[in-house]
Amino acid sequence: MSESLPNRKEFAAIYGDDKSFVLRIIQPGLAGLMDGSVSTLAPIFATAFATHSSHTVFLIGAASAVGAGISMAFSEGLSDDGELTGRGNPVFRGLVTGLMTFIGGFLHTLPFLIGNVHRALTLAYFVVGVELVVIALIRHKYFKTSFALSCLQVIVGGGLVFAAGVLIGQS
């Protein structure tokens with residue numbers, strides 16, 4: 001597998017070329033961050049509202065983040081070999097996507113290390129907000145998307161998944 005990963009010289013070339021950097025690192029990383037941040041909202045908040053147990057929410061959130069990271073790593077790594085699209089090494093893209101998916105899902109899981117579920121929820125809401133703004137900023141910087149439109153799109157998507165989690169958790 002180490003032969004599939006870029007060495008320092010190849011990584012410097014990727015970093016030095018804006019298009020290559022966006023295609024090989026930013027795009028797969030952003031896809032992972034978006035997926036991890038949004039897809040784990042429903043299980044985490046459904047569990048919080050259903051159980052009122054921070055420990056249980058933490059376990060579900062950690063499992064969701066790990067599972068989503070592995071799934072997205074394989075999905076990105078197996079989606080194409082990089083030759084046709086110019087997106088580069090599939091193993092490297094898979095690792096970037098998987099890691100960022102895990103990070104996106106795990107960051108708003110961390111507040112549930114706090115024993116009081118209501119305090120943990122308050123902090124998790126804040127963390128989710130920061131995650132969504134960071135996603136909007138990355139989209140704005142690298143994909144020239146309007147920051148306001150990007151915020152709207154990301155918040156609507158995250159809001160729908162959050163609402164689903166709350167509704168399921170309260171049923």
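Analyst: Start with a definition. A salt bridge is a side-chain nitrogen of Lys or Arg within 4 Å of a carboxyl oxygen of Asp or Glu. Keep in mind that this is a predicted model. In it, Glu76, Asp80 and Arg93 are linked in a network of salt bridges.

User: How do you know that Glu76 forms a salt bridge with Arg93?

Analyst: Check the distance. The closest N and O atoms of Glu76 and Arg93 are 2.6 Å apart. The cut-off is 4 Å. So the pair Glu76 and Arg93 counts as a salt bridge. The pair links distant parts of the chain: Glu76 lies in helix H4 (residues 54–79) and Arg93 in helix H5 (residues 90–107), 17 residues apart.

User: What makes Arg93 and Asp80 a salt bridge?

Analyst: The test is repeated here. Their closest N and O atoms are 3.5 Å apart, and the limit is 4 Å. Therefore Arg93 and Asp80 qualify. Asp80 sits in the loop between H4 and H5, 13 residues from Arg93 in helix H5. A search of the whole structure finds two salt bridges.

User: Why do Arg93 and Asp80 count as buried?

Analyst: Buried means under 20% relative accessible area. Arg93 has 0% relative accessibility, so Arg93 is buried. Asp80 has a relative accessible area of 17%, so Asp80 is buried as well. Glu76 is also buried.

User: Where is Thr101, and is Thr101 buried or exposed?

Analyst: Thr101 is in helix H5. Its relative accessibility is 0%, so Thr101 counts as buried. Leaving aside neighbours within four places in sequence, Thr101 is in contact with Gly32, Leu33, Asp35, Gly36, Ala68, Gly69 and Met72.

User: Which residues meet where H3 contacts H6, and what classes are they?

Analyst: From H3 come Leu41, Phe45, Ala48 and Phe49. From H6 come Leu121, Ala124, Tyr125 and Val128. By class, the contact has eight nonpolar, no polar and no charged residues.

Terms used: Residues are numbered from 1 along each chain as its sequence is written. This is a predicted model: local features need pLDDT of at least 70, side-chain atom pairs count only at pLDDT 80 or more; totals for chains, interfaces and linings use all residues. Side-chain values use heavy atoms; hydrogens and water are left out. Contact means heavy atoms within 4.5 Å. Helices (H or I, at least four residues) and strands (E, at least two) are DSSP runs, numbered from the N terminus. Ala, Val, Leu, Ile, Met, Phe, Trp, Tyr, Cys and Pro count as nonpolar, Asp, Glu, Lys and Arg as charged, and the others, Gly among them, as polar. Buried means under 20% relative accessible area, exposed over 50%, partly exposed in between (1.4 Å probe, protein chains only).
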